[in-house]
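Below is a short note on the model for your review. The points are numbered so that they can be answered one at a time.

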Amino acid sequence: MATQAEGGAKAANVKEQKPKGRCVTVRDVPAAEFIAAYAQHLKRSGKIIQPRWTDLVKTSSSKEMSPQSPDWFYVRAAAVARRLYMHPELGLGGLRRAYGDKKRNGPMPGHYQRSSGSVLRAVLKELTRTKIVEKSSKDKHGRRITRHGQRVLDRIAGQVQFTTKAL
């Protein structure tokens with residue numbers, strides 16, 4: 001039988017070993033860089049179809065103008081996918097709260113306004129169609145990332161980490 005001292009030494013050796021090929025996840029890369037890379041991937045792949053009305057709508061009633069970038073729908077889709085990766089079982093109401101902003105009322109105090117539900121619904125519809133997001137089980141409400149979606153997002157995160165290390 002091994003003594004306590006030998007068992008302790010074996011445990012110390014096990015703790016010193018580091019994993020060789022640790023996978024990179026979305027949590028390991030900066031949010032802004034991941035969102036930009038994933039939005040570019042969505043645009044290039046052509047899987048997400050941008051609605052015709054994207055040049056006419058505002059993203060929230062608290063905004064004065066519509067987004068200036070023509071690719072804002074892809075950026076919002078990437079941001080929603082990342083948010084659902086970080087916080088599973090998040091519904092439309094939670095997303096509306098997350099993307100809401102303070103509405104300026106001129107000289108009167110500003111108040112919080114939720115973001116547009118139709119924009120987020122269209123984003124979720126496109127992400128669901130591409131099998132990145134799915135509805136949660138009957139017990140829980142909201143949406144979550146599918147296994148396929150997690151694999152795609154982690155692959156993009158790995159590419160982002162590789163490019164940031166190269167620079």
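1. In which element is the place of Ile156? Ile156 belongs to helix 6, a helix that covers residues 147-166. The model is a predicted one, and this applies to every point that follows.

2. Is Ile156 buried or exposed? Its relative accessible area is 3%, and the cut-off for a buried residue is under 20%, so Ile156 is buried. When residues up to four places away in sequence are not counted, Ile156 touches Phe34, Ala37, Tyr38 and His41. Helix 2 is the run 31-45.

3. Phe162 is another residue of helix 6. Its relative accessible area is 62%, and exposed means over 50%, so Phe162 is exposed. The C-alpha atom of Phe162 is separated from that of Val24 by 9.7 Å, although the two residues are 138 apart along the chain.

4. With a relative accessible area of 32%, Asp28 is partly exposed. Which residues does Asp28 touch, not counting those up to four places away in sequence? They are Arg22, Cys23 and Gln161. Asp28 and Gln161 are 133 residues apart in sequence, and their C-alpha atoms are 8.1 Å apart in space.

5. For the chain as a whole, the secondary structure comes to six helices and four strands. Along the sequence the pattern is α-α-α-α-β-β-α-β-β-α. Buried residues account for 34% of the 167 residues. Of the contacts between residues at least 6 apart in sequence, 61% join residues at least 24 apart. The chain exposes about 11,400 Å², and carbon and sulfur atoms supply 53% of that area.

6. How do helix 3 and helix 5 cross? The axes of helix 3 (residues 72-86) and helix 5 (residues 117-129) come within 10 Å and cross at roughly 75°. Angles of 65 to 115 degrees count as roughly perpendicular, and helix 3 and helix 5 are therefore roughly perpendicular to each other. On the side of helix 3 the contact is made by Trp72, Phe73, Arg76, Ala77, Val80, Ala81 and Leu84. Helix 5 contributes Val119, Leu120, Ala122, Val123, Leu124, Glu126 and Leu127. By class, the residues of this contact divide into 12 nonpolar, no polar and two charged.

7. Strand 1 (residues 101-105) and strand 2 (residues 108-113) pair in the antiparallel sense over four bridges. The two strands form a hairpin with two residues between them. Asn105 stands opposite Met108, and Lys102 stands opposite Tyr112. In the turn, Gly106 has a positive phi of about 70°.

8. Two residues other than glycine deserve a check of their backbone angles. Most residues other than glycine have a negative phi. Phi of Glu89 is near 60°, a positive value, and phi of Lys131 is near 65°, also positive. Glu89 sits in the loop between helix 3 and helix 4 (92-98) and, at 27% relative accessibility, counts as partly exposed. Lys131 is in the loop between helix 5 and strand 3; with a relative accessible area of 56%, Lys131 is exposed.

9. Which residues are in contact with Ser136, leaving aside its neighbours within four places in sequence? They are Glu89, His141, Gly142, Arg143 and Arg144. Ser136 lies in the loop between strand 3 (133-135) and strand 4 (143-145). Its relative accessible area is 12%, so Ser136 is buried. Glu89, one of its contacts, is the residue with the positive phi near 60° described in the previous point.

Terms used
Residues numbered from 1 in each chain as written. Predicted model: local features only at pLDDT ≥ 70, side-chain atom pairs only at ≥ 80, totals over all residues. Heavy atoms only, no water. Axes fitted to C-alpha atoms, helices over the stretch in contact; angles between N-to-C directions. Parallel < 35°, antiparallel > 145°, perpendicular 65-115°, else oblique. Contact = heavy atoms within 4.5 Å. Nonpolar A, V, L, I, M, F, W, Y, C, P; charged D, E, K, R; others polar. Buried < 20%, exposed > 50% of the residue type's maximum accessible area, 1.4 Å probe, protein only. Areas by Shrake-Rupley, 256 points an atom, 1.4 Å probe, with all protein chains shown as cover. Pairing = 2+ DSSP bridges.
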